[in-house]
Amino acid sequence: MVAGVALGALVATVAPPAVFKIAFIVLAGIISLRLFGGDKWQLGDTLPGRTAMIVYGLAIGLASSLMRVSGGSMSTMVLTLYGKPIHASVGTAAGLGVPLTIAGTIGYVLAGLPHQALTPPFSLGFVSLLGVVLMAPVSSFTAIYGVRVAHALPRRQLEIAFGIFLLAVSARFVASLI
């Protein structure tokens, strides 16, 4: 996964902003379709072998980097495609989020250093230090409530709610492209 994140950070050095919005729209749309489809979309009952998981890891890392998210939604989708319960998949994806976020942050810092003169104040590469200072405590504080809500909802309601959320964010990106 880290290699995919690094590849995504390299893409960030040359890609126009619209590429990231389009990547988010397409990938979030696929995830939403999977969530709305329920158990109809399943590739197997157990996770595939090492080679396939390495390919998934690379794809998840690249997708998460292009979507500018931690990769939790992509990891959750892959796990549920192989029969893992959504609640367990969300928990596993949350654990994967920390190393992916660290790798992504380092990648975006390094990728943005050559463009430092073009970035807003209080930025290090493509990372807003002000954003980190403001968002990290809020995210840490609210994460526990998100976990409680996720575990309180039945599986199907959680899938539908997350699918609707992804479609709403995608719609916002579509509007910004028009």
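Phe 141 and Tyr 145 are 4 residues apart in helix 6 (residues 129-152), so about one helical turn separates them. The model is predicted.

The structure holds 5 aromatic pairs. The rings of Phe 141 and Tyr 145 form an edge-to-face pair, because their planes stand at 65 degrees, with the ring centres 5.6 Å apart. The cut-off for edge-to-face is over 60 degrees. Phe 141 counts as exposed, at 57% relative accessibility. Tyr 145 reaches 41% and counts as partly exposed.

Now to the serines. Ser 170 is located in helix 7 (residues 155-177). Its relative accessible area is 5%, so Ser 170 is buried. Setting aside neighbours within four places in sequence, Ser 170 is in contact with Phe 24, Ile 25, Ala 28 and Gly 29.

Ser 64 belongs to helix 3 (residues 50-67). Ser 64 is also buried, because its relative accessible area is 2%; the cut-off for buried is under 20%. Ser 64 and Pro 48 are 16 residues apart along the chain, and 21 Å separates their C-alpha atoms.

The table lists the accessibility of these residues.

| Residue | Relative accessibility | Class |
|---|---|---|
| Phe 141 | 57% | exposed |
| Tyr 145 | 41% | partly exposed |
| Ser 170 | 5% | buried |
| Ser 64 | 2% | buried |

Next comes a helix pair. Helix 4 (residues 72-81) packs with helix 5 (residues 86-112). The angle between them is about 140 degrees, and their axes are 8 Å apart. Helix 4 and helix 5 are therefore oblique to each other. Angles over 145 degrees would count as roughly antiparallel. The crossing of helix 4 past helix 5 is right-handed.

Which residues make this contact? From helix 4 come Gly 72, Ser 75, Thr 76, Leu 79 and Thr 80. Helix 5 supplies Ile 86, Ser 89, Val 90, Thr 92, Ala 93 and Leu 96. In this contact of helix 4 with helix 5, 5 residues are nonpolar, 6 are polar and none is charged.

How values were computed:
Residues are numbered from 1 along each chain as its sequence is written. This is a predicted model: local features need pLDDT of at least 70, side-chain atom pairs count only at pLDDT 80 or more; totals for chains, interfaces and linings use all residues. Side-chain values use heavy atoms; hydrogens and water are left out. Axes are lines fitted to C-alpha atoms, for helices over the stretch in contact, and angles run from 0 to 180 degrees between N-to-C directions. Helices (H or I, at least four residues) and strands (E, at least two) are DSSP runs, numbered from the N terminus. Angles under 35 degrees count as roughly parallel, over 145 as roughly antiparallel, 65 to 115 as roughly perpendicular and the rest as oblique. A crossing is left-handed if the near helix is turned anticlockwise from the far one by less than a right angle, and right-handed if clockwise. Contact means heavy atoms within 4.5 Å. Ala, Val, Leu, Ile, Met, Phe, Trp, Tyr, Cys and Pro count as nonpolar, Asp, Glu, Lys and Arg as charged, and the others, Gly among them, as polar. Rings of Phe, Tyr and Trp (its six-membered ring) pair if their centres lie within 6.5 Å; planes under 30 degrees apart count as stacked, over 60 as edge-to-face and the rest as tilted. Buried means under 20% relative accessible area, exposed over 50%, partly exposed in between (1.4 Å probe, protein chains only).
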